[in-house]
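Here are my notes for you to go through with the model open beside you. Take the points in order and find each residue as you go.

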Amino acid sequence: GKESKVLVVSGDSSGTPGNVTNNNSAGIVAVPAASQSITVTNSQVTAASIIQLTLLTNDGTAKSAVAVPAAGNFVITTNAATTGITKIGFLVIN
């Protein structure tokens, strides 16, 4: 049979919007109001990592986001500057 794994998200850094260090394989970060990008420092990320994002806030202008991985971090950029603080969930796949 197949085994299923449960991923526990313990890395909620959204209480401090902006650039942050979050070394979890999954977590929540936040883009500050009137901003369009943040850098998440994460020791698990390589340039070949896949970063899956989910917007957790229904912001007035920021409707999508992309993540660009590099060695030790990834940059999240929204399609437009945020109206308010916008929470984003991430999942690092290596």
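1. Start with A30, whose bridge partner in β8 is K87. Six bridges join β3 to strand β8 (residues 86-93), and the two run antiparallel. A quick word on the names: strands are DSSP runs of E, at least two residues long, numbered from the N terminus. Two strands count as a pair if DSSP finds at least two bridges between them.

2. Before you go further, bear in mind that this is a predicted model: local features need pLDDT of at least 70 and side-chain atom pairs count only at pLDDT 80 or more, while totals for chains, interfaces and linings use all residues. Residues are numbered from 1 along each chain as its sequence is written, and side-chain values use heavy atoms, with hydrogens and water left out.

3. Now look at the rest of β3. Strand β3 covers residues 26-31, and six of its six residues are buried (buried means under 20% relative accessible area, exposed over 50%, and partly exposed in between, with a 1.4 Å probe and protein chains only). A26, I28 and A30 point one way, whereas G27, V29 and V31 point the other way.

4. Which strands make up the sheet around β3? The order is β1-β3-β8-β5, in an open sheet of four strands with mixed pairing. At the edges you'll find β1 and β5, each pairing on one side only. Strand β1 (residues 11-12) pairs with β3 in the parallel sense over two bridges, and G11 has G27 as its bridge partner in β3. On the β5 side, six bridges link β5 to β8, and these strands run antiparallel. There, L55 has I88 as its bridge partner in β8.

5. There's another open sheet of four strands, with the order β2-β4-β7-β6 and mixed pairing again. Strands β2 (20-21) and β6 (65-70) stand at its edges with a single partner strand each, so one side of each has no neighbour in the sheet. Strand β4 (residues 37-41) and strand β7 (residues 73-78) run antiparallel, joined by five bridges. To see that pairing, find V40, which stands opposite F74 in β7.

6. Which residues touch the most other members of the largest nonpolar core? They are V29 and I76, in a core of 14 residues (a nonpolar core is a set of buried Ala, Val, Leu, Ile, Met, Phe, Trp, Tyr and Cys residues joined through side-chain atoms within 4.5 Å). Strands β3, β4, β5 (50-55), β7 and β8 each supply at least two residues of this core. The largest share, three residues, comes from β8. Leaving aside neighbours within four places in sequence, I76 is in contact with residues including V29, I38, V40, L53 and I88 (contact means heavy atoms within 4.5 Å).

7. Last, compare two serines in loops. S13 sits in the loop between β1 and β2, while S35 is in the loop between β3 and β4. Is each one buried or partly exposed? S13 is buried, with a relative accessible area of 15%, but S35 is partly exposed at 21% relative accessibility. Beyond neighbours within four places in sequence, S13 is in contact with V20, T21, N22, I28 and V29. With that same exclusion, S35 is in contact with T78, A80, A81 and T82. S35 and Q52 are 17 residues apart in sequence and 20 Å apart in space, C-alpha to C-alpha.
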